[in-house]
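Me: I am new to this protein and would like to get to know it one question at a time. Please start with the view below.

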Amino acid sequence: MSNELKKTPGRGHKAWLYAVSLVLVVFYILVLYLGLKPNVGIEYKMYYISHELSDWPGFGKLTYSLGTKEICTGYLDTDGHLVPYKVCARKGQGWNRWQYYGSSNNARESSIYYLLDEDSQSSSYTIEIVDYSGKGKVELYRGDQYLGEFSDKGIYTYEVGSLEKGELIKFTFKSDSDVEFRIWSAILDK
């Protein structure tokens, strides 16, 4: 009979197992809640959660100062060295991964995002297209607003209108199915 008593867990042992189980349940509910409502920056949300960005800009680096010219390449040149200019690491989906000589589209829609750090009453968006192939055209939109189009390489400026500090602006390039283009630089200016 003494062997049977040793095999049966006592009240203290059961209470300890229930307490550990309760702590684990609370922990997993907390992890689930934090996973559904993450308290992270906009760059993290757009890159890791919604996958809107194709390039990782870094924490706090999606913010843009009007008049800053950015080159649409990666951070490294073909030799693996850091480039000496300001890189446009705010591109959304629709661009090729390797970007040494500008960013080439790989989809019918390609986008670039700007999170503004100041207001502007009248703004323009200037892009430099260094390569263009196909017989169609590319239309440029700010959100749902049509800004214009291009159908060859060159420098193009579009009137954007007023901008507000803290506004997240999405420029979308919508191309015909046979069009491929490469953008070298972009500047959103007053």
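Me: α2 is hardly covered, so to speak: how many of its 26 residues are buried?

Reply: Before the count, note that this is a predicted model, where local features need pLDDT of at least 70, side-chain atom pairs count only at pLDDT 80 or more, and totals for chains, interfaces and linings use all residues. Residues are numbered from 1 along each chain as its sequence is written, and side-chain values use heavy atoms, leaving out hydrogens and water. Buried means under 20% relative accessible area, exposed means over 50%, and partly exposed lies in between (1.4 Å probe, protein chains only). Among the 26 residues of α2, the number of buried ones is zero.

Me: How far apart are the end C-alpha atoms of helix α2?

Reply: Helices are DSSP runs (H or I, at least four residues), as are strands (E, at least two), and both are numbered from the N terminus. The expected span of a helix is 1.5 Å times one less than its number of residues. For α2 (residues 11-36) that gives 38 Å, and the model agrees, with its end C-alpha atoms separated by 38 Å.

Me: In what order do the strands of the open sheet of five strands run?

Reply: Two strands pair if DSSP finds at least two bridges between them. β1 (residues 63-64) and β4 are parallel, joined by two bridges, while β4 and β9 (residues 168-175) are antiparallel, with seven bridges. β6 and β7 also pair in the antiparallel sense, over five bridges. The pairing in this sheet is mixed, and the order is β1-β4-β9-β6-β7.

Me: Which strands stand at the edges of this sheet?

Reply: An edge strand here has a single partner strand, so one of its sides is left without a neighbour in the sheet. The strands at the edges are β1 and β7.

Me: How many of the eight residues of strand β4 are buried?

Reply: β4 (residues 109-116) has residues facing partners in other strands: L116 is the bridge partner of Y64, and Y114 stands opposite I169 in β9. The rest of the structure largely encloses β4, because its number of buried residues is seven.

Me: At what angle are the ring planes of Y44 and Y48?

Reply: Rings of Phe, Tyr and Trp (its six-membered ring) pair if their centres lie within 6.5 Å; planes under 30 degrees apart are stacked, over 60 edge-to-face, and the rest tilted. The whole structure holds 20 aromatic pairs. Y44 and Y48 sit about one helical turn apart, being four residues apart in helix α3 (residues 42-49). Their ring centres are 4.8 Å apart, and the pair is tilted because the planes are at 40°.

Me: Which residue lies over the face of Y141?

Reply: Y141 is buried, at 15% relative accessible area, and its ring is edge-to-face with that of Y146, with the centres 5.6 Å apart and the planes at 70°. A charge sits over a ring if NZ of Lys or CZ of Arg is within 6 Å of the ring centre and within 35 degrees of the ring normal. At 4.5 Å from the ring centre of Y141, the residue is K174.

Me: What is the phi of H51, which is not a glycine?

Reply: Most residues other than glycine have a negative phi. H51, found in the loop between α3 and β1, is partly exposed at 49%. Its phi is positive, at about 60°.
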